[in-house]
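Here is a short briefing on one chain. It starts with the overall build and then turns to single residues.

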Amino acid sequence: FMVEAFVFINTEIGAEDEVMEALIKMPEIKEALIVYGPYDLVVKVSTDTAENLRKLISEKIRKLPKIKSTTTLIIAKSIVK
């Protein structure tokens, strides 16, 4: 059983590519997308426990330079087509 979530990220202006390159090096990051709208990036993450998800977000993702804020949505149920 894996804990999966989407993390919506706001970066400093123009830093989207740089942040995405840093994020995709983390093994827990399964997908990274630059998007238009209220957020700059959306990443899908997967960890083995809720505690490791918390550590990933608070100790790795949020401490990256040029990240201004994050919003996390933990996946409750999914269907993959």
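Buried means under 20% relative accessible area, exposed means over 50%, and partly exposed lies in between (1.4 Å probe, protein chains only). By that cut-off, 36% of the 81 residues of the chain count as buried. This is a predicted model: local features need pLDDT of at least 70, side-chain atom pairs count only at pLDDT 80 or more, and totals for chains, interfaces and linings use all residues. Residues are numbered from 1 along each chain as its sequence is written, and side-chain values use heavy atoms, with hydrogens and water left out.

**Fold and overall dimensions**

- The chain has two helices and four strands. Helices (H or I, at least four residues) and strands (E, at least two) are DSSP runs, numbered from the N terminus.
- Their order along the sequence is β-α-β-β-α-β.
- The radius of gyration is 12 Å, close to the 12 Å that the globule rule gives for 81 residues, so the chain is as compact as a globular protein of that length. The radius is taken over C-alpha atoms, and the rule is 2.2 Å times the number of residues to the power 0.38.
- The C-alpha trace spans about 35 × 30 × 20 Å along its principal axes.
- Contact means heavy atoms within 4.5 Å. Among contacts between residues at least 6 apart in sequence, 66% join residues at least 24 apart.

**Surface and charge**

- The accessible surface of the chain is about 5,500 Å², and 56% of it belongs to carbon and sulfur atoms. Accessible areas come from the Shrake-Rupley method with a 1.4 Å probe; for residues, only the protein chains shown count as cover.
- There are 12 positive and 12 negative side chains, and the centres of the two sets lie 5 Å apart.
- Lys and Arg count as positive, Asp and Glu as negative; His and the chain ends are not counted. Each charge is placed at NZ of Lys, CZ of Arg, CG of Asp or CD of Glu.

**The aromatic pair**

- The structure holds one aromatic pair. The ring centres of F8 and Y39 are 5.1 Å apart and the planes are at 50°, so the pair is tilted.
- The criteria cover rings of Phe, Tyr and Trp (its six-membered ring): they pair if their centres lie within 6.5 Å, with planes under 30 degrees apart counted as stacked, over 60 as edge-to-face and the rest as tilted.
- F8 sits in strand β1 (residues 3-11) and Y39 in the loop between β2 (29-34) and β3 (41-47), so the pair ties together parts that are 31 residues apart in sequence.
- Y39 counts as partly exposed, at 26% relative accessibility.

**Buried strand residues**

- V7 belongs to strand β1. Its relative accessible area is 0%, and V7 is buried.
- Leaving aside neighbours within four places in sequence, V7 is in contact with L41, V42, V43, V45, I57, T70, T71 and T72.
- V7 and K55 lie 48 residues apart in sequence, with 13 Å from C-alpha to C-alpha.
- S46 belongs to strand β3. S46 is buried too, with a relative accessible area of 8%.
- With neighbours within four places in sequence set aside, S46 is in contact with M2, V3, E4, E28 and K30.

**Partly exposed helix and loop residues**

- A22 is in helix α1 (residues 16-23). A22 is partly exposed, at 27% relative accessibility.
- A22 and T70 are 48 residues apart in sequence and 15 Å apart in space, C-alpha to C-alpha.
- E59 is in helix α2 (residues 50-61). E59 is partly exposed, with a relative accessible area of 43%.
- The C-alpha atoms of E59 and F6 are separated by 16 Å, and the two residues are 53 apart along the chain.
- K66 is in the loop between α2 and β4 (67-74). K66 is partly exposed, with a relative accessible area of 32%.
- K66 is not a glycine, yet has a positive phi of about 75°.
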